[in-house]
Amino acid sequence: MDVYLRIHGAEWENFEEKLKALPLAQKNARNFVRFFLSGAVECEIDKQGRFLIPANLREHATLDKEIVIIGVGTRLEIWNKELWTSYSKDESISADEIAENMTMLGI
């Protein structure tokens, strides 16, 4: 599981507009919108450049001692290190299948 941090600004607003335009009669579209928006929270950055990830998101992503922060376009993903290692080695992840699903959703 990963934690998605909401990035303020034009990129996030553009993404939100695309989500609003999805055909919510389609189960895949509803799941996609729910996935991205249900856990969105605003995190304040302190004077030392740190932010606190809410406890429910830390628990959901099983963030414990070691984490991995990856950049994915205009967002960051924060992963439990062991889960990221397992995910990134997973041979069942199909780039073609992911691309096909994104195209079907108009993204």
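This is a dialogue about how features of the structure above get their names.

Trainee: What kind of model is this, and how are residues numbered?

Mentor: The model is predicted: local features need pLDDT of at least 70, side-chain atom pairs count only at pLDDT 80 or more, and totals for chains, interfaces and linings use all residues. Residues are numbered from 1 along each chain as its sequence is written, and side-chain values use heavy atoms, with hydrogens and water left out.

Trainee: Why is the pairing of lysine 20 with glutamate 17 called a salt bridge?

Mentor: A salt bridge needs a side-chain nitrogen of Lys or Arg within 4 Å of a carboxyl oxygen of Asp or Glu. Here the closest N and O atoms are 3.5 Å apart. The pair therefore qualifies.

Trainee: How are lysine 20 and glutamate 17 placed in helix α1?

Mentor: They sit 3 residues apart in helix α1 (residues 10–21), so about one helical turn separates them. Helices here are DSSP runs (H or I, at least four residues), strands likewise (E, at least two), numbered from the N terminus.

Trainee: What makes lysine 20 exposed but glutamate 17 partly exposed?

Mentor: The cut-offs are these: buried is under 20% relative accessible area, exposed is over 50%, and partly exposed is in between (1.4 Å probe, protein chains only). Lysine 20 has 61%, so the word is exposed. Glutamate 17 has 47%, so the term is partly exposed.

Trainee: How many salt bridges does the structure hold?

Mentor: It holds 3. One of them joins arginine 50 and aspartate 46, at 2.9 Å from N to O. Lysine 81 and glutamate 66 form another, with the closest N and O atoms 3.5 Å apart.

Trainee: What makes the lysine 81 pair a tie between separate parts?

Mentor: Lysine 81 lies in helix α4 (residues 81–89), and glutamate 66 lies in the loop between α3 (55–60) and β2 (67–72). These parts are 15 residues apart in sequence, so the pair ties them together. Lysine 81 is partly exposed at 37%, and glutamate 66 is exposed at 52%.

Trainee: What makes a set of residues a nonpolar core, and which is the largest?

Mentor: The members must be buried Ala, Val, Leu, Ile, Met, Phe, Trp, Tyr or Cys, joined through side-chain atoms within 4.5 Å. The largest has 7 residues: Leu19, Leu22, Ala29, Phe32, Val33, Phe36 and Leu105. Helix α2 (residues 27–37) gives the most to this core, with 4 residues. Another core of 5 residues lies apart from it, with Leu57, Ala61, Leu63 and Ile78 among them. In soluble globular proteins, nonpolar side chains tend to be buried together.

Trainee: How do you know whether asparagine 80 is buried or exposed?

Mentor: Its relative accessibility is 13%, so asparagine 80 counts as buried. Its place is in strand β3 (residues 75–80).

Trainee: Which backbone atoms lie by the asparagine 80 side chain?

Mentor: The backbone oxygen of threonine 62 lies 2.7 Å from a polar atom of that side chain. The backbone nitrogen of leucine 83 lies 3.1 Å from a polar atom of the asparagine 80 side chain.

Trainee: How do you know whether leucine 52 is buried or exposed?

Mentor: Leucine 52 has 67% relative accessibility, so the word is exposed. Its place is in the loop between α2 and α3. Leaving aside neighbours within four places in sequence, leucine 52 is in contact (heavy atoms within 4.5 Å) with Cys43, Glu44 and Arg58.

Notes
Polar contact = N/O pair within 3.5 Å; in protein donor to acceptor, adjacent residues only side chain to side chain.
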